[in-house]
Amino acid sequence: MLSIEQLSHVYPNGMRALDRVNLEIPRGMFGLLGPNGAGKSTLMRTLATLQAPSEGRIRFGDIDVLAEPGRLRATLGFLPQDFGVYPRVSAYELLDHLAVLKGIAHAGQRRDTVASLLNKVNLWSVRNKAVAGFSGGMRQRFGIAQALVGDPALIIVDEPTAGLDPEESNRFLNLLAEIGENVVVILSTHIVGDVADLCPRMAVLANGRILLEGSPAELMAEMRGRIWRKTIDRAELATYQKSHEIISTRLFAGRTVIHVLANEKPASDFDVTEGGLEDVYFSTLSAMRRTAG
């Protein structure tokens, strides 16, 4: 169990990136969902002991993370949003080097570890190619291989599918789901579908605060019967925005489909629609903006 208590972080310029964050994250996949600039990467770097918070506590099992960062690093796997690689070093050599840094000193053990991980992420056939020349999806798969060195109990992945094509994204997410059965995996993303498909529990972070937490299925069930759909001409959108709580819009066949949050049918020409996790997410952000306004 990862416990986060009253965690805040204020940068030197006065920007408050995290504001009294409280979370209990059990074993399995946990989705941290939020827009760009929400504070997700700040939280991930703090959990990975790459920066110290302004205040708060973090515990992982019996480890006081802020007081004993070395103990956490020994059992941590981290895939940041962007990671650099040596330009002419092969996947095998780089993973072997990272295994040394992780404390796997015995050459035979490292050989077995590297071979196992490259096979797990389906990169064994290109083990002698430079990682710098890999495609985006291959680099992300290598990234999860390095995050798994040393059998970590806590794995943090930050925006792992951003920029991947659908096939590579699906392959990567399936790999994460397999890994996440026995350890704590935090998936930080702005892509709602990634969380809906993978995570038994999730939270929404925006403006540095936790706005919502729970099971995606339960959160979607709470929206049932409250999401209404209508297709309108794009020129009508401003009028509907004044009279209805529109939580999302999308173009379809040249027209605009709006989703409205309301406890009762807004008008006879609206149809009720099954609320998905996107509706939960957008309605949460919409409520935050109304409060801020």
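Valine 126 is found in the loop between H4 and H5, where helices (H or I, at least four residues) and strands (E, at least two) are DSSP runs numbered from the N terminus. At 13% relative accessibility, valine 126 counts as buried; buried means under 20% relative accessible area, exposed over 50%, and partly exposed in between, with a 1.4 Å probe and protein chains only. The C-alpha atoms of valine 126 and threonine 239 are separated by 56 Å, and the two residues are 113 residues apart along the chain.

This is a predicted model, in which local features need pLDDT of at least 70 and side-chain atom pairs count only at pLDDT 80 or more, while totals for chains, interfaces and linings use all residues. Residues are numbered from 1 along each chain as its sequence is written, and side-chain values use heavy atoms, with hydrogens and water left out.

**Overall structure**

- The protein has 293 residues, and buried residues make up 47% of them.
- Its secondary structure comes to 10 helices and 14 strands.
- The C-alpha trace spans about 70 × 45 × 35 Å along its principal axes.
- An unreviewed UniProt entry places the feature "domain: ABC transporter" at residues 2-232; UniProt positions are given in the numbering used here, feature names are shortened, and annotations may be inferred rather than shown by experiment.
- Over residues 2-232 the chain is 34% helix and 29% strand, with the end C-alpha atoms 46 Å apart.

**Aromatic pairs**

- Three aromatic pairs are found in a search of the whole structure; rings of Phe, Tyr and Trp (its six-membered ring) pair if their centres lie within 6.5 Å, and planes under 30 degrees apart count as stacked, over 60 as edge-to-face and the rest as tilted.
- One of these is edge-to-face, because the rings of tyrosine 92 and tryptophan 124 have their centres 6.4 Å apart and their planes at 65°.
- Tyrosine 92 lies in helix H3 and tryptophan 124 in the loop between H4 and H5, so this pair ties together parts that are 32 residues apart in sequence.
- Tyrosine 92 counts as partly exposed at 23% relative accessibility, and tryptophan 124 counts as partly exposed at 29%.

**Strands E1 and E2**

- Strand E1 (residues 2-10) and strand E2 (residues 16-25) run antiparallel and are joined by six bridges; two strands pair if DSSP finds at least two bridges between them.
- Histidine 9 stands opposite leucine 18 in E2.
- The hairpin of E1 and E2 has five residues between the strands, and glycine 14 there takes a positive phi near 95°.

**Pockets**

- The largest pocket has a volume of about 350 Å³. A pocket is an open set of points on a 1 Å grid over the protein atoms alone where a 1.4 Å probe fits, with protein on both sides within 12 Å along at least five of seven lines, and lining residues have an atom within 4 Å of a point. Grid points are joined across faces, edges and corners, and a volume is the space filled by probe spheres set on the points.
- Of the 13 residues that line the largest pocket, Arg73, Leu76, Phe78, Lys102 and Gln146 are the closest to its centre.
- Strand E6 (76-79), helix H3 (91-101) and helix H5 (136-147) each give two or more residues to this lining, and the largest share, three residues, comes from E6.
- The second largest pocket holds about 270 Å³ of space and is lined by 16 residues.
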